[in-house]
Amino acid sequence: MAKISLAGFKDPVRRPRYIVWTGVVVLALAAFIIIAFGATSTYWFCANVCHKVQDDAIEAYNRSSHRMVSCMSCHEPVNADPITFTLKKAKALGELVLTVTNKFELPLNAESHLAMDTEEMGSRQCTQCHDLKTRKVTPSAGIKIDHDAHEAKDIHCTACHNRVAHNESGDWEPSLIDPQTKKKSVKHQNFMTMTACFRCHTLTSEPPAGGIKAPGTCSACHPADFDLKPPSHKEKGFYPEGHAKLAMAKVDRSTGKPVANESGSEAEEATEGAAAEKEGEAAEGEGLHLVAVDQVDYCATCHVKATFCMGCHGMEMPHPAEFKEKTHPQVAKTKMDKCDMCHQVKKTNYRFCNECHHGTKVNWKYDPKVAWQTQHAKAVSTNGVSACLGACHDQKFCVECHTKLKPLPTSHKDPKWLHDKLTVTKYGSAAAQPSGKHALAALKAIDSCDVCHGPGGTNAKFCKGCHGMEMPHPDTFKKNHVSGRKTPQLCANCHTFKEVCSDCHHVDAVNGVPWQKQHPKAVAAKGTAPCFEKCHENKQFCVDCHTKLKALPASHKASDWTRNLALGKSAKHSAAYKAQPDSCEYCHGTGGTESTFCRNCHKLPMPHPANFKDTHKADFQAKKLTKPVCTNCHSQYFCDNCHHKGAVANQAWRTYHPNIVKKNGAEPCFECHKPTYCSYCHVRLIH
């Protein structure tokens, strides 16, 4: 490493030359410093070099009334000596390093902490130009300011006028994006708002969080003729909904005014981060340590919330965290009028309460446009009443309401609500399943039925009053239900299909098909014995039923059932009787062919006795037997076939007897007929 030698200054020969070059270096260094100090103190250097990346601050400066004032005039100590000035410049090099290393602050002076620093930005920075003793103060209309009073309390100028040289008013919105956080820059807090004033001013005896207490009465800052009511308070609908939204709205950090529908933005988060970074730095300086503008309660600038809000609401506002779960149930029971003040519960048919209690709290679908009284039936039908009774209401509440309004649920108006076609399968298989919709609803949520019909489930007085027995049927019911024969109407309450008994008791029954239609086939195949073995006492049951219903078996509808006039053919009823004589007795009585029914039709014993052929002639002569009695079963062909030799089967005798008479003569005829019989017949037919 080269060493600086001072030997030249000791050598008389070289001394002059050393002195000259030393002077040249000193002069060059001085020139550089002077030029550097001058260049770095220009607007160009501040705006285009040092703070180029913080264009939002530069643009705000260009919009201010101080845009023609040098940056150094405010940001350098007033009347500083060269050493102080140089040290200030050296300190500023840190900003350049942060810019080059891409660690610059965005936004610059995020929380206006510089304006709060009496050392960096004291009143002397302003009074070097503005002499309040000679300057006419022109505050905004409706505002009166005593600067001396503030100065006496060491409230320096920029503690209020923080953005005077960097004006962010108007339609300007910062658009610079931090390359690291990817978040936009935002406006700074504005201390020239009423909310900002209440960082110090207060309506109560307690000072704000910053520790400075100043009077907060209206007359302290506003003249007597000033309209104290903000425009927002005059808007239609401000009370009750409007004022609640205003009270709950977040305060805009730059204007100090509430922002509608503001729930925290990226810009707000970025600002909070910057504020946290500067908190320690602000605390180190000599300055005021006040709360942020957006932390001041906007409503509290005019109203003492502890008395004003509480005096009206009668409770802590806004509601504390535990209010929803612990406090409000009791409040709703004793102070519903207080709830109604804000939530208009009565006017809106308790919509506010319903949105939670009949919606989100119980996870039901609630339509705020429809009265709960109208839609609750569907909700309860779908979800049951457990959520109602377990949370807010007891069963008595539901009963009293239904009793008063006498509503009939829509479901109860269904034609199938009480009962539907209910059949059972063949004996020994699974029991019948409920089909009436009231039964299905009871199986799904029996507690819902209890609301109107009383507790006890299916064994409740209401249910038993209708069913008349234990429901559902116990396991032993099939064995013990014989009593149902005595109370068919009770069974028919549910089993509307009148053949319900048949479906089980008749082996060949078809589920859903009336037994009346099915039993002839079964009886024909297996006889009537199975009928009397289990259920029916005697044949009279069958007779009574057939008689009552006037039932005519299908076989009886055949054209040849009663008689068959063809020669050599028997009527089908005769064949049926021979095959199964006891079947006839169900309808026609006992006694076989000697029964009254058979005798009334045949008029003589059936079947004919063995000697009938020999005796019937005498019976005819004695008039015990007549031709109509014979023709009841037999046709003329039957007589002709026996009495007229040569008769042709199933043909009338008169059509072919002339040939027989010609061949055999008329003598054989007179064995039965008198001679005059022929003339009588021939004469009658001629005429």
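Reply: The largest nonpolar core in this predicted model has 11 residues. They are Ala115, Met116, Ile155, Ala159, Phe191, Ala196, Cys200, Ala214, Leu288, Leu290 and Val293. Take Cys200 from that set: setting aside neighbours within four places in sequence, Cys200 is in contact with Pro208, Ile212, Lys213, Ala214 and Leu290. Apart from this core there's another, of 10 residues, including Val362, Trp364, Val385 and Cys388. Back in the 11-residue core, Phe191 is a member, and Arg199 lies over the face of the Phe191 ring, 3.8 Å from its centre.

On to the rings. The count of aromatic pairs comes to five. One of them is Tyr366 with Trp372: the ring centres are 6.1 Å apart and the planes sit at 50°, so this pair counts as tilted. Both Tyr366 and Trp372 are buried. Trp364, a member of the 10-residue core, joins Tyr366 and Trp372 in a cluster linked by ring pairs.

As for the cysteines, the disulfide count is zero. Cys392 is in no disulfide, and its nearest cysteine sulfur, that of Cys356, is 8.5 Å away. Cys392 is partly exposed, with a relative accessible area of 48%.

Key: Residues are numbered from 1 along each chain as its sequence is written. This is a predicted model: local features need pLDDT of at least 70, side-chain atom pairs count only at pLDDT 80 or more; totals for chains, interfaces and linings use all residues. Side-chain values use heavy atoms; hydrogens and water are left out. A nonpolar core is a set of buried Ala, Val, Leu, Ile, Met, Phe, Trp, Tyr and Cys residues joined through side-chain atoms within 4.5 Å. Buried means under 20% relative accessible area, exposed over 50%, partly exposed in between (1.4 Å probe, protein chains only). Contact means heavy atoms within 4.5 Å. A disulfide is a pair of cysteine sulfur atoms within 2.5 Å. Rings of Phe, Tyr and Trp (its six-membered ring) pair if their centres lie within 6.5 Å; planes under 30 degrees apart count as stacked, over 60 as edge-to-face and the rest as tilted. A charge sits over a ring if NZ of Lys or CZ of Arg is within 6 Å of the ring centre and within 35 degrees of the ring normal.
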